[in-house]
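Subject: Structure handover

Hi,

Here is the structure I promised to pass on. Please load it first, then read the notes below it.

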Amino acid sequence: MGALLRCNGLTRKFGGVVALDGLDLQVEEGEILGLIGPNGSGKTTFFNVLTGVFPATSGEARFGEMPITNFSPQAVYQAGIARTFQRSRLCLPLSLFDNLMVGNHKNLDHGLWFNVVRRRALKRQIEEGRKAARELLELFDPPLAGRLFEPASRVPMIDRRRIEICRALIGKPRLLLLDEPSAGMTRDETRRLMDDLLEARRRLGRLTIVLIEHEMSVIERVTDRCVVLNYGKKIAEGAYRQVAEDPLVRQAYLGLS
Amino acid sequence: MTREGRERLAQALAIVFVAGLSLALREDDFALFLVARVLIVVIACLGLNVQFGYAGVVNFAGATFFGVGGYMAAVLSRGTGVPHLFILVAGGIAAALAGCVLILPVLRTRGHYAALVTIAFALLFRTFLEVNDSLGGPQGLKLPELRIGPWRFNEPIALGRFEASFLLNYVILALFLAALAFALVVRVDRSWIGVQLDAVRLDETSAAAFGIPIARAKITAFTLGNFLAGVAGALSAHMVGFIAPNNYSFGESLILVSILLLGGIGNPWGLPLAAAIVIVLPEQLQVIQEYRYLLYAGLVILILLFRPNGLVPRPLRRLGGA
Amino acid sequence: MITARIARVALATSFVCAAAQAKDTVRIAFVGPLTGGNSAIGLGGRNSADLAVRLRNADAKSKYQYELVVLDDECKPDAGVQVATKAASDRGIAAGVTHYCSVVAMATVDTYHRFGLPTIVWGAVLPDITYKNDYKEIHRVNGTMINQNDTNAKFITERGYKKFAILHDTTDYGKGHDKYFTEFVKKYGGEVVADLGVGADQQDFTAELTQIQAAKPQVLYFGGLTPIGVRIRAQMDKLGLNAQFDGTSGIVSDDFIRGLGPLAEGVLAFREGGPAEKLPGGQFFLEKYKAQNYPNPPEAYGPFAYAAAVLLMDTIEKTGPDRKKIIAELAKVKGRDSIVGTITFDDHGQNTVPAITKYVVQDGKWVLWEESEYASGKRKLAGK
Amino acid sequence: MTLALFAQYVMNGAMLGMMYALVAVGFTLFFGVLDVIQFSHGDVLAAGAFLALGTWVALTKLGVVSPVLLLAAVVVVSALGTALLGAVFARTLVLPLKGAPQLNVLLVTLMMGTVLREAIRLFYPGGSQPQLFPALLPTTAYGVGGFHLRLDNAILLMAGALLIAATHFFITRTRIGLAIRAVAQDEETARTMGIDFRRIVLVTFGIGSALAAVAGVMDGLYYNEIFFGMGLLLGVIGFAAAIIGGLGNLYGAILGGFLFAALQTIGAVALPFASAYKDVFAFAVVIAIMAARPTGLIGERASERV
């Protein structure tokens, strides 16, 4: 029973459309699971249902021993699941540091009294936050550590992706959900990003990751295991080489008949 | 010097400047009246700044909450012996509580839909005050003089050889409260709450995904903003000495919002400048009498077209100095 | 402090230079609503006061050159107090012709009293403005809504009408009229079958009028101003409501007739003050007003603003531009002729000779009731 | 309440709802193509009404007497002139602000409304007082019990219904209408399909403003009186109606318009408090509706695009 995340019959309907159809899925502690499938096959919907953006129509999800079905997004985050978004969703007018601190929410004190009156304690907490941010960036991409106080709108796409991943990492989650980190980047940039991620993961201890990705070379290189979705249903599961050979997958995904 | 240190110095200089100006004008009643009014409007707009500028909660009923504060002050100071300093706070609390009526629709709606909720509330409030006679109806209410301990606000100041208009009393109090409100808003901005509110304004979904309680953040901002508007309203009611529904129309709310945009939304530093322009300019335009609003509206349009981020755009937040 | 003093000296010097022709310049303030919904009446008042000043300045016999300082109170108390402070704290201003909106007049009396600025109210009709205080500075040339409604109720019940519906706007003006008319009409034996308040910027009254129609009144009393008065009269016709329309001073304007056309025929209205066109100087006022080519008509209260300005300047001629002396002199005003009738101030500064003039619309004109074909029996009021 | 009286209330409310709906349709069209609220829309309506009145005055001076000719001229001139005005606004104020915060657009258009309103008040002869609007329709009246039906009202009601139907037809069946809907759906895709985005925006603002002008003329014909401030409340109510229905939805705007009129009538007549509270009642219900249906009655569902 080493599964960190266990979903049973997870279903989500939008009106008459079944976006997620009775998905059974397990994520083992410490693995990197690839989630693949054609556009509209329910991958992002799965993330959204899991993180409480949409409630599940039926089915359940457990995180460790905790039933997290229909938790609010906030509660899912508190339980230890962090995510990135398909389209970059940084707060562009804010500094990189502010963006990272959004991800560090659970370690910060948000009381009105603390923030307005106890300025000295707040200052200490800010110092700690800066240290944590710098350390993480040093690990991930050292040049970025010197640019903490630039607005996110002014850094290139690849750095935004990095910050987005760091924003998810800084709260030290147990499970990281990455939604197509390569979107909008060149193949080369994607490779560099993945190298950084793997390197960071190696140093941070064995973080569990679920990765949605269209770029098959990425999947092949980084994942331990893959789950293939089509029309909201799981159609195959196993190591990448294995599922890539699966005729069902080839038909659905690659459009080969 | 750190940035925070520089800001503190600027704040101190601003206070000294206003205080010095008021002293220089101490016998010019009308100028003091305008200074006090600018300060009061700054307090109210600081509140709106927290709502619009930080949390992204739209509020087109600023003058309404201002009015709730004023009416609370009138009711308390006419009917009870509550100390007047407390009345100002009570005005703020009343406005914050009045805002609670709107919490549910304000939380659930966004953008133009939220705008409608507050516009409807503003119209409703004014009509209600006019139709309902228990609060003076359209004829309004007179307020007694403001007193704090032995300090009587409607008496001219005479300390030894120093003499000044009674309005200097109100300027002093308004300056004190404005400085307090300013410090509060700046501190909120430069703290985790500021980051949190910005995250809520810019992207609710991703904010929620990182554990930020959206509803709580919005309620905090909405309530804090209304509180400040209410305090300002209570002080204004006492200074003018009279309140009536006419003062709290939708048009007045729009003036508050236009001050916010002219100053540079999200930046408290632009507000005093914008408030001074918006209040003093039409006054200087009295010469052209009935054409004032035509010109004023045209001017606002031009500023918004050519300086869309206001006169003093909001700078990047740098937590922890640097 | 020093700069302020220098500025003041500089100002005073330039002032003297400008007026150096021979006569000293005396400044008097005019305050009224120049923007917003009540601006028509405000501009009429402004023009009338302006006319009074122009005529006086053209008069070689006057001791002073007068300058009118015009301020906009927007019909809002806080804006009113702001401009009142401006006028009253400016020692160069000798006196003021102030306010049409009652709520603003109420808000500003304390300010005038504090600074000792003598003022004459030219249009606000709420009794409290003069009677709720003992301020010597505050005077009023026009009568209050009490006098007006007393006369109105007595007149209309004497015509044999019994059942009344009241429609009033929810401003201080409309609500005050509602209160006093209800009081007096009951006293004279009338029955109020419906009493409804409406918004001052409302456009559609069909719901209210249908409700009133169901109560079958003989008279519809309207307490409010020209804009919605026009709408209500027009919509009565749409709904076939044939009650006699009985209005207040707020509709005595050419625009009421212009806005209604033939529908205005037979409408009654009452106004404080004598009929300008019949009184000494009244015809003169109307002619001179026309000659100035002002873009707006004087409206119902223009003659009052004119009379107030004339009264102030007459007083200043005697006393010089000294506020205290002006106040003392105004207290003595008794039986003074003006274009709005005789003016006598009581110890509250209220004009106690409130001639109330009765008007009826006949052939597209406001005609004195006594001279109308309605009084002579040639034409009949609604339902008679 | 008698049946005749009830019928009278329904008739009054329907007339009111028709005008609100016409204004609301404009709001919803503008929002559809450009995601903005054109807050001076109410004052554009007033401008249309005054343009119509000015045309009438000019034509009468020239000696035209035929009511049919006058009516046609008044409607056409007012609609065309106001359409031009709307397009000019779109060109000079709204399009340049594309991409700016919603709040800026809102305030700019509100201020433009103030400019229009003040301009009418100051520059139309006698504009600060209500103006008599000529009765160009036959005023024959039929009375049944307490019910009073006038021919002009019936004509106006039918004309309004036809106009709404025509707008609907135009949007759903014509080429330009399809282009407008394509832009409303997705600007980018519409551009790639070769639709001239700017042109469609200008056309939409023209059409919406022309509708407002016609509503203004109807208003004048119905009340026989127009006023510089007439657009203020009509604008707010039209906006409220468009929002209650759900922005961008034609049926929503129509529904919202009639619903608001119904609320006002009910507030004035059927509720146990003074009729002056009718707007308090109507706006309170609006707030309640927004709490229950945050995106309007038939708006898009609150969907989060992640």
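Start with Asp78 of chain C and Arg37 of chain B. The side chains of Asp78(C) and Arg37(B) meet in a salt bridge, at 3.9 Å from N to O. The cut-off for such a pair is 4 Å, so 3.9 Å qualifies for Asp78(C) and Arg37(B). Keep in mind that this is a predicted model. In general, side chains of opposite charge can pair when their charged atoms come close.

**Chains B and C**

How many salt bridges does the rule find across the interface of chain B and chain C? There are 4. On the chain B side, the elements that give two or more residues are α1 (3-24), α2 (29-55), α5 (111-131) and α12 (292-306). The largest share of that side comes from α2(B), with 5 residues. By class, the side of chain B that touches chain C has 13 nonpolar, 7 polar and 11 charged residues.

Now the extent of this interface. Chain B puts 31 residues into the contact and chain C puts in 34 residues. Together, chain B and chain C bury about 3,100 Å². Carbon and sulfur atoms give 51% of that area.

**Chains B and D**

Which two chains have the most contacts among the 5 pairs that touch? The answer is chains B and D. Here, 45 residues of chain D are in contact with 39 residues of chain B. The buried area between chain D and chain B is about 3,800 Å², with 81% of it on carbon and sulfur atoms. The salt bridge count between chain D and chain B is 0. For polar contact, the count between chain D and chain B is 4 residue pairs, both residues at pLDDT 80 or more.

On chain D, four helices each supply at least two residues of the side that touches chain B: α3 (67-94), α4 (102-123), α9 (230-245) and α11 (278-292). The largest share, 16 residues, comes from α4(D). That side of chain D divides by class into 33 nonpolar, 7 polar and 5 charged residues.

Chains A and C are another matter. No contact joins chain A and chain C. Their closest C-alpha atoms lie 34 Å apart.

**The folds of B and D**

Chain B has 12 helices and 6 strands. Its radius of gyration is 20 Å, close to the 20 Å that the globule rule gives for 322 residues, so chain B is as compact as a globular protein of that length. Along the principal axes, the C-alpha atoms of chain B fill a box of roughly 60 × 55 × 45 Å.

Chain D comes to 11 helices and 4 strands. The radius of gyration of chain D is 20 Å, close to the 19 Å from the globule rule for 306 residues, so chain D is as compact as a globular protein of that length. The box for the C-alpha atoms of chain D is roughly 60 × 50 × 40 Å, again along the principal axes.

**Inside chain C**

Domain 1 of chain C gives 17 residues to the contact and domain 2 of chain C gives 15 residues. The area buried between the two is about 1,300 Å², 55% of it from carbon and sulfur atoms.

Across this domain interface of chain C the rule finds 0 salt bridges. It does find 4 residue pairs in polar contact, both at pLDDT 80 or more. On the domain 1 side, α4 (102-115) and α12 (302-319) of chain C are the elements that give two or more residues. The residues of that side divide into 12 nonpolar, 2 polar and 3 charged.

**Salt bridges overall**

Over all chains, the structure holds 56 salt bridges. One of interest lies within chain C: Asp90(C) pairs with Arg27(C), with the closest N and O atoms 3.4 Å apart. Asp90(C) lies in the loop between α3 (77-89) and β3 (93-98) of chain C, and Arg27(C) in strand β1 (residues 24-32) of chain C, so the pair ties together parts that are 63 residues apart in sequence.

Best wishes

Note on methods
Residues are numbered from 1 along each chain as its sequence is written. Chains are lettered from A and ligands numbered from 1 in the order in which they are written. This is a predicted model: local features need pLDDT of at least 70, side-chain atom pairs count only at pLDDT 80 or more; totals for chains, interfaces and linings use all residues. Side-chain values use heavy atoms; hydrogens and water are left out. Contact means heavy atoms within 4.5 Å. Buried area is the accessible area (1.4 Å probe) that two parts lose on being put together, summed over both. A polar contact is a pair of N or O atoms within 3.5 Å; within protein, one must be able to donate a hydrogen and the other to accept it, and residues adjacent in sequence count only if both atoms are side-chain atoms. Ala, Val, Leu, Ile, Met, Phe, Trp, Tyr, Cys and Pro count as nonpolar, Asp, Glu, Lys and Arg as charged, and the others, Gly among them, as polar. The radius of gyration is taken over C-alpha atoms; the globule rule is 2.2 Å times the number of residues to the power 0.38.
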